[in-house]
Amino acid sequence: YTDSSCPALLLEPQRTNLVDYSEYYDVWFKAGTTPTFTENYGTSPEGLQNSTRVQLDNNELFYRTPNAAQGAYVFSVFAKDISGGGSKITLRIDAPATKVATFDLSDGSIDTYTSDNALIEDYGNGWYRCMLIQNNDGIVNVVIAEGDASLDCEIYGAQLEAGSYATSYIPTYGTSVTRSVEATEKTGISDLIGQTEGTLFVEFEYNSVKDHYWAVATLMGSNTSELIELYGGPNSNSLAFAMNDNSVNQFIKNTPLSFGTHKVAIAYAENNTIAYIDGSPIGSVDTNCTIPTLTQLAIGKFSYSSSVFFSLGDGIKQSLLFKTRLSNEELATLTTI
């Protein structure tokens, strides 16, 4: 965390940067007159002198993507105007349905686009991350082009990844690179977990049916005999909420799960446990249950397994843990999309 007293964890799904040369643009295909490149020109968002000055005038840079299957893709690049005249950079995805957007590097605005999925993010010191998303069409090329006038800017960190949003930059130097899925867990936190009552809340994105078990979040004691978990099963569009105490199942609910973003919570107390999804309860309150002893929390994985994680293409947006059993009214408000 920077300039903040509130730290945060960045835990990302597995992603692959399909651009083989994310920082060396002279090997990309060119169209029109030959661009001018100056490598290691300035300081990139990484804090190193490894950005590239690129001067384009009636020309384009292409990256051709082999075997890009249908699905959602994000093309992104960091760019900084150095012309003093407000250069504009255009990103284009060539596919059965071409997407294009022009980004104004003087003020961080998006000038023109043929897709509502154009985004720009300010990284400070004049740097912007320009992002273009296209869904379900496959990809032939991704293109960096001049904008409304000749382009003179620094660029850094081109990335093409399968997914519906951009993740943090993955450098490549001649071949595509994959970042493994990330998750977190913490043991020995009994005092942070409600032992007689509590609420576990997660907001997550679900995008595909899995052929394996997948974890959203787990509260656990010394072993699986003491457990609260939210998870999905193989080959099934459903989500399960389960609670075990002394190896005896105390609460279990299953609900159908559509693709997209969901907010879910399980609120527990002795003889007073319920699950909510997207503002609505899943069944009624369980009035005959006891509460396990809990000492650890895992987000995006099972506490008891090092190999089962949340899945490629999905993402956990936020998670909250309360030491009280929220009221049903509070649960409805908390989980409403």
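Gly233 counts as buried because its relative accessibility is 14%; buried means under 20% relative accessible area, exposed over 50%, and partly exposed in between, with a 1.4 Å probe and protein chains only. The model is predicted: local features need pLDDT of at least 70, side-chain atom pairs count only at pLDDT 80 or more, and totals for chains, interfaces and linings use all residues. Residues are numbered from 1 along each chain as its sequence is written, and side-chain values use heavy atoms, with hydrogens and water left out.

Gly233 lies in the loop between strand S18 (227–232) and strand S19 (238–245). Helices (H or I, at least four residues) and strands (E, at least two) are DSSP runs, numbered from the N terminus. Leaving aside neighbours within four places in sequence, Gly233 is in contact with Lys210, His212, Tyr213, Trp214 and Ser238. Contact means heavy atoms within 4.5 Å. Tyr169 is 64 residues from Gly233 along the chain, and the two C-alpha atoms are separated by 31 Å.

Gln14 gives another view of the chain. This residue lies in the segment before strand S1 (15–17). Gln14 counts as partly exposed because its relative accessibility is 34%. Gln14 and Arg179 are 165 residues apart along the chain, yet their C-alpha atoms are separated by 5.5 Å.

The protein chain holds 1 helix and 25 strands. Its C-alpha atoms fill a box of roughly 75 × 40 × 35 Å, taken along the principal axes. Of its 337 residues, 50% count as buried. Among contacts between residues at least 6 apart in sequence, 68% join residues at least 24 apart.

Strands S18 and S19 belong to an open sheet of 6 strands, ordered S15-S24-S17-S18-S19-S20. The pairing in this sheet is antiparallel. Two strands pair if DSSP finds at least two bridges between them. S15 and strand S20 (248–256) are the edge strands, and each pairs on one side only. Neighbouring strands are turned by 10 degrees against each other on average, direction ignored. S15 and S24 are antiparallel and share 3 bridges. Within this sheet, Thr184 stands opposite Ile299 in S24.

A second open sheet has 5 strands in the order S23-S22-S21-S16-S25, again with antiparallel pairing. Strand S23 (280–281) and strand S25 (315–322) stand at its edges; each has a single partner strand, so one side of each is left without a neighbour in the sheet. S21 and S22 run antiparallel and are joined by 4 bridges. Ala267 has Ile274 in S22 as its bridge partner. The hairpin of S21 and S22 has 4 residues between the strands, and there Asn271 takes a positive phi near 60 degrees.

Strand S22 (residues 274–277) also pairs with S23, in the antiparallel sense, over 2 bridges. Here Ile277 stands opposite Ser280, and Tyr276 stands opposite Pro281. In the hairpin of S22 and S23, 2 residues lie between the strands, and Asp278 takes a positive phi near 50 degrees. In a regular strand the side chains alternate between the two faces of the sheet. Both faces of S22 are covered: Ile274 and Tyr276 are buried on one side, Ala275 and Ile277 on the other.

Helix H1 (residues 328–335) lies across strand S16 (197–206), strand S21 (260–269), S22, S23 and S25. The helix runs at about 30 degrees to S22. Axes are lines fitted to C-alpha atoms, for helices over the stretch in contact, and angles run from 0 to 180 degrees between N-to-C directions.

The largest pocket has a volume of about 920 Å³. A pocket is an open set of points on a 1 Å grid over the protein atoms alone, where a 1.4 Å probe fits, with protein on both sides within 12 Å along at least five of seven lines; lining residues have an atom within 4 Å of a point. Grid points are joined across faces, edges and corners, and the volume is the space filled by probe spheres set on the points. The lining comprises 36 residues, and Leu9, Leu10, Leu11, Ile316 and Lys317 are the closest to the pocket centre. Elements giving two or more residues to the lining include strand S10 (118–124), strand S11 (127–134) and strand S24 (296–299). S25 provides the largest share, 7 residues. The lining divides into 19 nonpolar, 8 polar and 9 charged residues. Ala, Val, Leu, Ile, Met, Phe, Trp, Tyr, Cys and Pro count as nonpolar, Asp, Glu, Lys and Arg as charged, and the others, Gly among them, as polar.
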